[in-house]
Amino acid sequence: MSATVSFQVPAPHGPGEVTMSYARVGRGEPLVLLHGIGHHRQAWDPVVDILATEREVIAVDLPGFGASPALPQGLAYDLPTTGAVLGALFEALDLDRPHVAGNSLGGLLALELGREKLVRSVTALSPAGFWSQAERRYAFTVLLGMRGIARRLPPPVVAGLSRTAAGRTALTSTIYARPARRSPEAVVAETRALATATGFTATLRAGATVRFTDAVPGLPVTVAWGARDRLLVPRQGVRAKRIVPHARLVRLPGCGHVPMNDDPALVARVILDGSR
């Protein structure tokens, strides 16, 4: 069941109020799930029930995405600000150094939270920030193209496409290796989430100069990469292993950039193993 929480964060012109939407389920040590740019917390739906058998799972909509409103005026969508917002969210939800797992942008944010020692373990699925300049430009071009298509397609056309495997492939094959497995309802919802994300442009702009270069010492780190990731290519995982040498690097066979839907059992096992 979804809920919202509001809390204060420092801003250039005085404290600003941030409101975030989240869903909380399960019992055990807390595990926060962070989605990628243009997505929403429902990206994690294929694995939430599995994770909830062993963890208290908190899946959040990042500010300006999903059901969470945009950040207050004066707050940037950069890595330090978003990390501070998530730290304040943990306090508001009474989470004392939770485990965290993130995908894409969420993976980068998970690593940033680990660097700041705000979490007890990090699992990053195809995290952003380990790209070359050419790889970043390619990924941003693809994301902008996906966003443009999502905004131009009328809702009835999206609904019609989502009812066939070929249509779901046309809409989502960039991020899923097995797009036909995604439900029509999920494809419609995530296409709308991409089209309406108020934080998309500012987040993409803030990411133009981001490279993750820290080793994240002192806590368990898992970096997992879909072998069929077409957005952030798998060689970036090797680069991540060089930068975070103690990290466990896991290959996800048959999985694309958003692997949770491609192989829920494998992804859930990787997250549970990485958050012990």
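UniProt positions are given here in the numbering used for this model, with feature names shortened, and such annotations may be inferred rather than shown by experiment. The model is predicted, so local features need pLDDT of at least 70 and side-chain atom pairs count only at pLDDT 80 or more, while totals for chains, interfaces and linings use all residues. Residues are numbered from 1 along each chain as its sequence is written, and side-chain values use heavy atoms, with hydrogens and water left out.

**Stop 1: the annotated domain**

Select residues 31-269, which an unreviewed UniProt entry annotates as "domain: AB hydrolase-1". Over this range the chain is 43% helix and 13% strand, and the end C-alpha atoms are 14 Å apart. Helices (H or I, at least four residues) and strands (E, at least two) are DSSP runs, numbered from the N terminus.

**Stop 2: the sheet**

Show the strands. They form an open sheet of eight in the order β1-β2-β4-β3-β5-β6-β7-β8, with mixed pairing; two strands pair if DSSP finds at least two bridges between them. From one strand to the next the twist averages 25°. Axes are lines fitted to C-alpha atoms, for helices over the stretch in contact, and angles run from 0 to 180 degrees between N-to-C directions.

Zoom to β7 (residues 221-226), which is joined to β8 by five bridges, the two running parallel. Pick glycine 226: its bridge partner in β8 is leucine 252. Contact means heavy atoms within 4.5 Å. Then select helix α3 (residues 105-115), which lies across β3 (29-34), β5 (99-103), β6 (121-125) and β7 and runs at about 150° to β5.

**Stop 3: the cavity**

On a 1 Å grid over the protein atoms alone, a cavity is a set of points where a 1.4 Å probe fits but cannot get out; a pocket is an open set with protein on both sides within 12 Å along at least five of seven lines, and lining residues have an atom within 4 Å of a point. Grid points are joined across faces, edges and corners, and a volume is the space filled by probe spheres set on the points.

How many cavities of 30 Å³ or more are there? The count is one, and the largest cavity holds about 290 Å³ of space. Select Ile37, Leu105, Leu108, Thr203 and Gly207, the closest to its centre of the 26 lining residues. Helices α2 (79-92), α3, α4 and α8 (200-206) each supply at least two residues of that lining. The lining divides into 20 nonpolar, five polar and one charged, where Ala, Val, Leu, Ile, Met, Phe, Trp, Tyr, Cys and Pro count as nonpolar, Asp, Glu, Lys and Arg as charged, and the others, Gly among them, as polar.

**Stop 4**

The largest pocket has a volume of about 370 Å³. Of its 25 lining residues, select Met146, Leu171, Thr172, Ile175 and Leu194, the closest to its centre. Which element gives the most to this lining? It is α4, with six residues.

Finish at the second largest pocket, with about 170 Å³ of space. Its lining includes Ala150, Leu153, Pro155 and Arg192. Here α7 gives the most, with six residues.
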